[in-house]
Amino acid sequence: MTFEPKIIAFLCNWCSYGAADMAGTSRLQYPPNVRIIRFMCSGRIDPNFVIEAFLRGADGVMMTGCHIGDCHYIDGNYKTVHRYEFLKDYLDTLGIGSERLTLAWCSAAEGAKFAQTVADFTEQIRRLGPSPFKERGQ
Amino acid sequence: MMGTEYWGWAGEAHLREHGESGGAVSGLLASVLSSYDEVIVIRKTGTVFEAEVHTLDSPQGIARVQGALHAVSIELSHYLQLGRKTAIVLKPCEARAVIENIKRNHVRREDVLLIGLNCGGTLPPVKTKEYLRTQFGVSPGDIAKEEIAKGNLIFFTTDGQELSRSIDELEEAGYGRRESCRYCDVKIPSMCDIACGNWGTPAEKHITFLEVFTDAGAAALEAAVDGGYVSVSEPGEKLAAVRKKIEGIMVKMAKGWQEKMLGPFMAMEPKERLDAIHAALAPCIGCYACRKACPVCKCGDDCKCFQADPDDQLPISMFHAVRFLHLMESCVGCGQCSDACPMEIPLAHLHQLFAKAYEGRTGYKPGMSCGDIPPLSRGDFPEGY
């Protein structure tokens, strides 16, 4: 059986979920490997959620939110950036690899960018292969 | 008062006689009791391998307490209570733990007077006792005093014998200091109000080298001097330089140990490292003793490390995964988790792996200053995004 990446995407309610909506209404195609979880703000994405996603078998995790300066809650996405940077070090040290985590900003008008980001990231994970956690046959 | 470095000794004759290095710390403690509610120290309960945490609220019995014992690695920072004005005598790792607690509002900085002790490392009691029995043929109960000086570990027996071994030699043989102490690179607790120690003092005289870092420390020392509890003099310039040199050598040794103990882990392929961490955690029985012993872990029962279902068959338990994450920004490397683990998992080693990796990239070192914002609590404008 060929490897199909399982990707968890955390989307913020105001921009990136809007972008995903936009991609849908614009009839844009993107890989079905992504499972979307909606948050009120990307600043709500606790690092634990990312870790749990990996522990429960995700091959990659996407964090997406509004562009810096456009956050519905003014500075929620500043926190997202600091957590993302922190998580990259964590994943590298643990041995999962920071390239399995990505951060992208998509405004509600950027349906095409969202679709492209998902396509690129899915391709990247496909190249990387299954998450090293998965091979433990949980 | 001029300058920030002094030589000090106790004003009272019996403290000077009784206290370590001239009893300056004991004198200081007797003095601060007038402005603080309590003083937290340890008290020897038998041999040099046993002590209890002791809270003093009057100068009575001050001659019987200890600043620290090499073979008793209690974490005193656990005993601080919010809202009590407390003076506390700490090793650098304990002091760093207090700073981490201050950052997270579990302790108020203005409530505590941190009296730090220079620390070259502590000893694991069980291994040290074993060494005494097998190598020196001495019963651990017969040890009256221990000391680390000039790279040697020295034991004095009750009948006046002096037993000495080089620490390097001991550590090559698998004895010596605790693992976490070997690669600890904070030897003089500069985050405290006052740091005390016998480095940089004339060997034959009983004197303590005091370095004052804060206004609160200066005020406490001034009050102690004015009250006749402590006498001070300017330190000899040459010996002050010797103190810096000793610190330099110790830190260099610690870096060497970091290279030796953490280096191989970091040099592994990511996949191999994951396997190694997984294998190290395999014996875990989920008793949570490491968390209980941890001086910086203060979230209480609501902590996210408890939120996962223990029956989940995850490759690494959520408990450890979350603790790695939390301690990556706060591990002070005290080694209490390794000591507490009934399955002898080298937890401190694993946590330091994460903390040192983060420190290496960003330069953020936990517990060094109350002004540092913990990375996961940051919300400032991110540059470059």
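Which residues of helix 12 of chain B are buried? The points below take up this helix after an account of the model and of chain A.

1. Basis of the model. This is a predicted model, in which local features need pLDDT of at least 70 and side-chain atom pairs count only at pLDDT 80 or more, while totals for chains, interfaces and linings use all residues. Residues are numbered from 1 along each chain as its sequence is written, and chains are lettered from A and ligands numbered from 1 in the order in which they are written.

2. Layout of chain A. Chain A has four helices and four strands (DSSP runs, numbered from the N terminus: helices are H or I with at least four residues, strands are E with at least two). Their order from the N terminus is β-α-β-α-β-α-β-α. The radius of gyration of chain A (taken over C-alpha atoms) is 14 Å, close to the 14 Å of the globule rule for 138 residues, so chain A is as compact as a globular protein of that length. The rule is 2.2 Å times the number of residues to the power 0.38.

3. Strand 1 (residues 7-12) and strand 2 (residues 34-39) of chain A run parallel and are joined by six bridges; strands count as paired if DSSP finds at least two bridges between them. Within this pair, A:Ala9 lies opposite A:Ile36.

4. Helix 2 of chain A. In helix 2 (residues 47-55) of chain A, the buried residues are A:Val50, A:Ile51, A:Glu52, A:Ala53, A:Phe54 and A:Leu55. A residue is buried if 20 or more other C-beta atoms, placed from the backbone, lie within 10 Å of its own. The partners against which these residues pack include strand 1 of chain A and helix 12 of chain B. Just after helix 2 of chain A, A:Gly57 has a positive phi of about 105°.

5. Helix 12 of chain B. To answer the opening question, the buried residues are B:Met318, B:Phe319, B:His320, B:Ala321, B:Val322, B:Arg323, B:Phe324, B:Leu325, B:His326, B:Leu327 and B:Met328. Because 11 of the 11 residues of helix 12 of chain B are buried, this helix is largely enclosed by the rest of the structure. Its buried residues pack against helix 2 and helix 3 of chain A, and also against helix 10, helix 11 (289-293) and helix 14 of chain B.

6. The contact between the chains. Chain B contributes 29 residues and chain A 24 residues, two residues being in contact if their C-beta atoms, placed from the backbone, lie within 7 Å. On the side of chain B that touches chain A, helix 10 (270-281), helix 12 (318-328) and helix 14 (347-362) of chain B each supply at least two residues. Helix 12 of chain B gives the most, with six residues.

7. Strand 10 of chain B. B:Ile194 and B:Cys196 point one way from strand 10 (residues 194-197) of chain B, B:Ala195 and B:Gly197 point the other way, and all are buried. Strand 10 of chain B runs parallel to strand 6 (residues 112-117) of chain B, with three bridges, and B:Ile194 is the bridge partner of B:Ile115. With strand 11 (residues 208-212) of chain B, strand 10 of chain B pairs in the antiparallel sense over four bridges.

How values were computed:
Buried ≥ 20, exposed ≤ 12 C-beta atoms within 10 Å, placed from the backbone.
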